[in-house]
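Trainee: Can we go through this model together, with me asking where each label comes from? I'd like to see it first.

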Amino acid sequence: MASEPWEGEAISPSSKAGPLELDDDAKRADRARMLADLRWGLAQNPKRLSSKYFYDTRGSELFEDITRLEEYYLTRTERGLLAENADGWMEAFAPKTLVELGAGSARKTRILLDAMIHKGASPRYVPVDVAGDFLEEVASELSVEYPTLDITPVVRDITLPPTFREGLPGPVLMALLGSTLGNFDPPAAIDLLSGVRSVMEPGDRLLLGVDLRPGAGKSQRTLERAYNDALGVTSQFNLNILDNFNRQVGATFDRDAFEHRAPYNAELGRMEMHLVVNRDTVVQAPGLAPVSFETGEHILTEISCKYDRPTIDALFEKASLVVETWVPDSAGRYAMVVGAPQA
């Protein structure tokens, strides 16, 4: 997510996959935060929308469709790296709890859970995500697949420090998969990693998936195709953020007035997703003055920073973490990183 941190939270810890319904006060607070984020974003130059608002139920479903696309190598490459290394990691770290930040569908997480169980653990799984309805569905599915698994779903913005670490059986493996870190610019990425580090205890580990920069084994075209698929699923995912603001806070975005664009910014080492205005339009929302958009203007909806070993080392050092393990795939497209607290 290329977002400014929320200052709110809604948590529903339960020993099994329990209900995640938010009360009316929490819903009103969420709506107020969403309107505040909209007001802030439309006042920027260029305008921007926080990418955390991609992930309503529809957006989460579309992202799952993206992960299955031929062009989107990230998910299957990460899955392959997890399958190759999970048993060794579990043998080395022996975690009793898996906390997954930005859990989504938790499809790849099953590889880690299977490895934990194979090593004789009776693990606790703590999936953390902002999409409460989607998280409830995933937790319910997992409770059927893993009847002995202790599931504690948490509805929470992952930019907030995971203070719920206290009381969890340790060691704890914190997982941030799917190149999610890339959705934060460097200062925000350091804040996120520092927040995770602040609750890590000796023996805890951070498992991170990162997408790599174009280089000898990966062309810029390969990277750009992953965000501009032939079927247009990523375009629909990008446009859905407008629908989400319309549904949740009564905004009046005309999605037909916007088009998806996703170029690679080589100078900053990141992919960028934009919504480009194809005709003049005006957007209104409760409590906001009307906002005019001119043809050719754009909204930045997401960044996805790409990394190499030196950039990850630098981020970790500033967050008081150290890279223990760096495992790239054979094509040099993607890497898994295991981090530990600095002594």
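This is a predicted model: local features need pLDDT of at least 70, side-chain atom pairs count only at pLDDT 80 or more; totals for chains, interfaces and linings use all residues.

Trainee: Why is Ser320 called partly exposed?

Mentor: Buried means under 20% relative accessible area, exposed means over 50%, and partly exposed is in between (1.4 Å probe, protein chains only). Ser320 has 33%, so partly exposed is the label it gets. Its phi is also positive, near 60°, in a residue other than glycine.

Trainee: And what makes Ser179 buried?

Mentor: Ser179 has a relative accessible area of 2%, so it counts as buried. You'll find Ser179 in the loop between β6 and α6. Ser179 isn't a glycine either, yet its phi is positive, about 60°.

Trainee: Why is α6 called oblique to α9?

Mentor: The axes of α6 (residues 186-199) and α9 (residues 309-318) come within 8 Å and cross at roughly 55°. That angle makes α6 oblique to α9. The cut-offs are under 35 degrees for roughly parallel, over 145 for roughly antiparallel, 65 to 115 for roughly perpendicular, and oblique for the rest. As for the axes, they're lines fitted to C-alpha atoms, for helices over the stretch in contact, with angles from 0 to 180 degrees between N-to-C directions.

Trainee: Which hand does the crossing of α6 and α9 have, and which residues make the contact?

Mentor: The crossing of α6 and α9 is right-handed. Pro186, Ile190, Leu193 and Ser194 of α6 touch Leu315, Phe316 and Lys318 of α9; contact here means heavy atoms within 4.5 Å. By class, that contact has five nonpolar, one polar and one charged residues.

Trainee: What about α1 and α8: why is α1 oblique to α8?

Mentor: The axes of α1 and α8 (residues 233-249) come within 10 Å and cross at roughly 135°. That makes α1 oblique to α8. The crossing of α1 and α8 is left-handed. In the contact, Arg31, Met34, Leu35 and Leu38 in α1 meet Asn244, Phe245, Gln248 and Val249 in α8. Those residues divide into five nonpolar, two polar and one charged.

Trainee: How do you know that Leu35 is buried?

Mentor: Its relative accessible area is 11%, so Leu35 is buried. Leu35 sits in helix α1 (residues 24-42). Beyond its neighbours within four places in sequence, Leu35 is in contact with Val249, Ala285, Pro286 and Leu288.

Trainee: Ala285 and Leu288 are on that list. Which strands do they belong to, and how are those strands joined?

Mentor: Ala285 has Leu288 in β12 as its bridge partner. Four bridges join β11 to β12 (residues 288-293), and the two run antiparallel; for two strands to count as paired, DSSP must find at least two bridges between them. Ala285 is on the covered face of β11 (residues 281-285) with Thr281 and Val283, whereas Val282 and Gln284 form the uncovered one. The hairpin has two residues between the strands, and Gly287 takes a positive phi near 80°.

Trainee: What makes β3 largely enclosed?

Mentor: Five of the six residues of β3 are buried, so the rest of the structure largely encloses it. β3 pairs with β2 in the parallel sense over five bridges, and Val99 stands opposite Val126 in β3.

Conventions. Residues are numbered from 1 along each chain as its sequence is written. Side-chain values use heavy atoms; hydrogens and water are left out. A crossing is left-handed if the near helix is turned anticlockwise from the far one by less than a right angle, and right-handed if clockwise. Ala, Val, Leu, Ile, Met, Phe, Trp, Tyr, Cys and Pro count as nonpolar, Asp, Glu, Lys and Arg as charged, and the others, Gly among them, as polar.
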